[in-house]
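Q: I'm new to this one. Can you walk me through it?

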Amino acid sequence: MRAAKTGRPPAGSPRFLASKVPQITLLFWVAKLLTTGMGETTWDWFDVALGQTAALTLTGSALVASLVVQFVVRRYNAWVYWSAVVAVSVFGTAVADVAHNDFGVPYTMSTLVLAGAVAAVFGLWYLVEGTLSIHSIHTRRREVFYWAAVLLTFALGTAAGDWTATSLNLGYFPSGLVFLAVFLLPAAAYRWLGLNAVAAFWLSYIVTRPLGASFADFMAGPPNRGGLALGMPPISVVLTALIVAVVGYCAKTRIDIPRAETPTAVRATP
C-alpha cells in the first residue's frame, strides 16, 4: 500500500529519497536571483559568440549532464544542485529567445503559453501527489515534477521579462522595479494576509526569473532599451563569480542543508 500523498514513503522503501532541495534561507533567494541574471546574459553571450546551433548544443548538453548528476546523488549537495539551476537558467532563456527570434512568436503569446504550461505542471503535480511543497520531494516522481516546474518557470520568466521591457516598452530598469514589487507581494500576503506558504514560495520563485534578468539586462544591454551597455561577457563573469562565492559559502557552512531528512521530521511548508 503506497504512502499518503502528502507524506513520504517509509525510509526503508526503495522509493524514499533524502531531500535534495536546499533549506529556504535568505541565501537561497540571493543565489536564485544571481542565477536568473547570469542565465540571461550568458545565453545572449553564447548565442552571439558561438552561434545558435553551437550554443544550444553546449547549453543543452550542460543541462542534461547537470540534471543526471542531480538525480544520481543521494542527498542535497550545494554544488550539484546549483549547477543544475544554472544550467536550467541558461537553457530556459534559450527556449524563450529561440521561440521569439526564430519562429516569430510574440512575447505576449509565449508568456501566455508558458504561463499555461507552468499552471499545467503544477496542476498535474498537485493532482498526482497532493502537495507542491518542496520539502515533500522524497520520491523520484516528485523530483521530476520539481525540475520540470523549475525549467518552465525559467522559460516563462524570460518571456515575461522581455514582454515588459520590449512589448510594453518599459525598458529593463523599470521592468526590474515592477518585478521587484511583484516578488515581494507574496511574502507580504503570507505575513499579513494568511497566504498559504507553499503558494507564496512558488509565486515569488517564478518572479525571480524576470526580476534578476531585467536588472542583468539593464547592466549589460544596449542603451536603446535603457541598458548601461556594460556587455554580456563581463556581467556574466561577475555574476558567475558571485554565484560561486554564495554556493561555496553554503557548501562550507552547510547553512542550507535541509532540516527534514527523515520521515518523522516532515515539514509541510517550504
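Q: Is Arg-254 buried or exposed?
A: Arg-254 is exposed, at 55% relative accessible area. Buried means under 20% relative accessible area, exposed over 50%, and partly exposed in between, with a 1.4 Å probe and protein chains only.

Q: What should I know about the model itself?
A: This is a predicted model, where local features need pLDDT of at least 70, side-chain atom pairs count only at pLDDT 80 or more, and totals for chains, interfaces and linings use all residues. Residues are numbered from 1 along each chain as its sequence is written, and side-chain values use heavy atoms, with hydrogens and water left out.

Q: Back to Arg-254. Where does Arg-254 lie?
A: In the segment after α8. Helices are DSSP runs (H or I, at least four residues), numbered from the N terminus.

Q: And what is the phi of Arg-254?
A: Near 60 degrees, a positive value in a residue other than glycine. Most residues other than glycine have a negative phi.

Q: What about Ala-229, what is its phi?
A: Also positive, near 60 degrees. Ala-229 sits in the loop between α7 (197-220) and α8 (232-253). With a relative accessible area of 44%, Ala-229 is partly exposed.

Q: New topic: α5. How many of its residues are buried?
A: 20 of its 28, so α5 is mostly covered.

Q: At what angle do α5 and α6 pack?
A: About 125 degrees, with axes 8 Å apart. That makes α5 oblique to α6. Axes are lines fitted to C-alpha atoms, for helices over the stretch in contact, and angles run from 0 to 180 degrees between N-to-C directions. Under 35 degrees is roughly parallel, over 145 roughly antiparallel, 65 to 115 roughly perpendicular, and the rest oblique.

Q: Which residues meet there?
A: Ala-160, Gly-161, Thr-164 and Ala-165 in α5 meet Tyr-172, Ser-175 and Phe-179 in α6. Contact means heavy atoms within 4.5 Å.

Q: Now Thr-111. Is Thr-111 buried or exposed?
A: Buried, at 12% relative accessibility. Thr-111 lies in helix α4.

Q: What is Thr-111 in contact with?
A: Leaving aside neighbours within four places in sequence, Leu-156, Ala-159, Ala-160 and Trp-163.

Q: Last one: where is His-138?
A: In the loop between α4 (107-129) and α5 (140-167). His-138 is buried, with a relative accessible area of 1%.

Conventions
Helix = DSSP H or I, 4+ residues; strand = E, 2+ residues; numbered from the N terminus.
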